[in-house]
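Visitor: Please pick a single part of this model and take me through it closely. I would like to know how it sits among its neighbours.

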Amino acid sequence: MDARTERFVLKPKGMGERSAGHLNLEDFYRANDIQDPALQAEVKSCIQNGKNMMFQHNIRGKSALNYIWTVNGGTIYLIGYVPIEAIQREGKTVNQNILFVVTVMLIAFFLCCVLYYFNQRQQRKIMRDREAERELHNKQLAEALHAAQLASSSKTMFLSNMSHDIRTPMNAVLGFTTLLAKDAENPDKVREYTKKITASGQHLLSLINDILDVSKIESGKVVLTVEEFTLNDLVSSVDAIIRPMASARAQEFHVEVRDIKHERLLGDETRINQILINLLSNAVKYTPEGGNIWFRIIGLKQRSSQFEHILIEVEDDGYGMTKEYLKTIFDAFTRAENSTTNKVQGTGLGMAITKNIVELMGGTIEVSSEVDQGSLFRVELEFRIPEGQADKLFWKQNGISRILYVGNDPQEGKNIRTLMEDMDVGVDIVPAGMHAPSLSQDSGDAQRIYHLALLDVEGSVMADMQALAEIRNFLSPNAPLLIMADHDIEKRNPVEEGLPPGYTGVLPKPFFLSALKEKIMEIQAEETGKNTTPKAEEAGSLKGLHFLAAEDNEINAEILSELLAMEGAGCEIAENGRLALERFANSKAGEFDAILMDVQMPVMNGYDATRAIRAMARKDAGEIPIIAMTANAFAEDEREALNAGMNVHLAKPIDMAQLKQVIQKYVHEKGTKEI
């Protein structure tokens with residue numbers, strides 16, 4: 001529409017047949033029924049002022065939005081309309097598009113947030129893992145450093161202790177050697193000095209053995225030697241070592257064995273001995289004078305009929321240990337450090353060795369202790385039971401079917417009854433103060449119903465010799481009457497001296513079936529005059545024997561020659577295995593009674609020399625006893641010596657008592673020489 005003339009330039013729809021130039025704004029009003037004067041006036045005002053305007057009005061029967069917009073600076077107006085429903089439709093489409101876009105954007109944003117969250121979570125996890133790994137690594141490094149520092153400190157302390165502990169007996173050896181040279185003309189002092197030198201040397205040897213033993217255990221070279229042994233021999237050997245040590249410190253040593261069903265077992269007796277000696281010797285060392293030490297072997301419930309389940313307890317009322325030291329007691333190179341224990345010399349390896357051996361045997365060890373209250377060690381082990389435990393024939397042949405136990409120890413009586421039941425031997429238990437009335441019978445021979453009587457030395461019956469005579473009246477003729485006493489020889493001798501002659505003796509406590517059997521055989525042999533056991537001074541005598549010794553060390557060779565000469569034996573030294581082989585090859589049959597063979601020698605070692613001797617065609621080459629005498633003291637060294645053809649292995653330093661036992665077994669008993 002032209003603004004000045006108010007005529008239309010283009011013809012709007014619905015305006016009839018006339019051309020655009022003949023139509024004006026009034027025609028537009030009439031055609032579209034715009035009759036509102038106010039609206040017309042407002043339109044006129046906008047056109048005159050060159051302004052834009054919009055208003056709602058029905059156009060062609062539809063509600064529409066009408067617009068009058070200026071064009072080209074207000075000279076021309078663009079007049080038109082848009083149906084409201086079209087606007088709404090477009091708006092709805094726009095809104096839908098906007099909603100879709102917003103939704104897509106929100107979903108995309110949400111996905112981005114989720115991806116970001118998981119990415120951050122993964123990154124945090126990676127960081128945490130790295131941090132944890134770094135902390136663990138740092139902790140491991142700190143622990144390794146701490147362990148290294150502790151190990152360094154422990155070994156430094158160990159070397160310091162060893163420097164002191166080794167120098168102490170070595171100083172004694174050198175010091176008494178000097179005094180020995182000075183007082184050589186005084187026999188009493190010579191004997192005293194040599195005794196102290198021997199004791200110091202033995203202590204030094206035990207220190208060295210501990211160091212070598214823990215080294216073998218740590219390297220995994222320890223191998224158990226499983227053989228048959230008896231608890232009786234085990235307890236007796238341990239008692240023989242520990243009781244004198246305890247007596248020297250005025251300590252009471254108590255031995256108790258109970259609830260054991262089988263005495264003969266399969267195991268490494270040497271290693272079991274080592275465990276017991278370590279525990280008991282420590283109990284003696286760390287218990288003050290006048291204290292008490294308890295050694296118990298207790299039979300536990302069997303887990304299998306093929307194994308004996310045993311609990312070993314070693315208890316003392318000594319100095320005890322702190323809770324802190326209990327945590328490291330089984331570590332190598334550790335010792336309790338205080339003003340009391342520092343006086344006790346040792347490697348600090350005994351408990352580490354003990355624990356390793358116990359675990360090697362499949363057992364467990366634990367300890368409880370309080371300072372000034374004492375300590376208790378508990379070791380649980382299982383040993384296989386060998387076949388043929390029962391020896392019922394002996395008791396049947398000797399006519400023993402009923403035994404009388406007189407004493408006030410019900411546990412001892414229970415043990416005896418348990419062990420004798422398997423032998424088909426009944427046991428009556430009578431308190432010591434009730435023996436006479438409880439044994440009364442109606443008449444005559446009916447009273448002699450027992451074939452053996454065991455009397456507890458602690459019972460009041462020992463104070464009454466008439467009571468002993470009364471008890472014998474209830475025994476069958478020639479039935480042994482044995483007094484049960486502690487293992488201590490000093491306690492046994494007075495009891496033995498007061499016994500009446502004939503079929504009496506002393507049976508050491510605790511009770512063992514094998515010990516009872518041996519005692520009965522001993523009494524029977526004594527009574528019949530058939531005891532063929534050689535006298536102690538004759539057993540294993542070396543007098544008149546002639547040895548060939550392979551020894552490359554001049555000092556050791558001289559010591560060996562002198563020791564044998566003191567025993568009345570001759571000795572010819574060969575400096576290496578080759579010379580020993582040649583000397584034996586050139587000897588007459590029977591010229592040498594035995595060969596003492598060192599192992600580590602130049603030219604030819606002892607193993608090769610032994611194999612070469614055994615391979616000779618002459619008869620005595622396979623029969624002559626060859627005894628390994630070497631500083632190689634471990635179990636595998638013994639096995640290698642036996643595999644090479646040697647009869648027995650003896651570790652240096654030379655123990656003459658042990659050598660005599662070997663000579664008794666391998667020379668005298670084989671008839672090479674008469675005792």
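Guide: A residue is buried when its relative accessible area is under 20%, exposed when it is over 50%, and partly exposed in between (1.4 Å probe, protein chains only). This is a predicted model, in which local features need pLDDT of at least 70 and side-chain atom pairs pLDDT 80 or more, while totals for chains, interfaces and linings use all residues. Residues are numbered from 1 along each chain as its sequence is written, and side-chain values use heavy atoms, without hydrogens or water.

Let us look at helix α2. It runs over residues 37-49, 13 residues in total. Helices (H or I, at least four residues) and strands (E, at least two) are DSSP runs, numbered from the N terminus. From first C-alpha to last, α2 reaches 18 Å. That is close to the expected 18 Å, which is 1.5 Å times one less than the number of residues.

A side-chain oxygen of Asp36 comes to within 3.3 Å of the backbone nitrogen of Ala38. At the other end, just after α2, Gly50 has a positive phi of about 70 degrees.

Now look around the helix. Leu39, Val43, Cys46 and Ile47 are buried. They lie on the same side of α2, because they cover an arc of only 100 degrees around the axis. The arc is taken from the directions from the axis to the C-beta atoms.

What do the buried residues of α2 pack against? Their partners are helix α1 (25-31) and the strands β1 (53-59), β2 (62-71) and β3 (76-83). Contact here means heavy atoms within 4.5 Å.

Finally, step back to the whole protein. It holds 19 helices and 20 strands. Of its 675 residues, 38% are buried. Take the contacts between residues at least 6 apart in sequence: 64% of them join residues at least 24 apart. The accessible surface is about 38,000 Å², and carbon and sulfur atoms account for 53% of it. That area comes from the Shrake-Rupley method with a 1.4 Å probe; for residues, only the protein chains shown count as cover.

Technical notes:
Polar contact = N/O pair within 3.5 Å; in protein donor to acceptor, adjacent residues only side chain to side chain.
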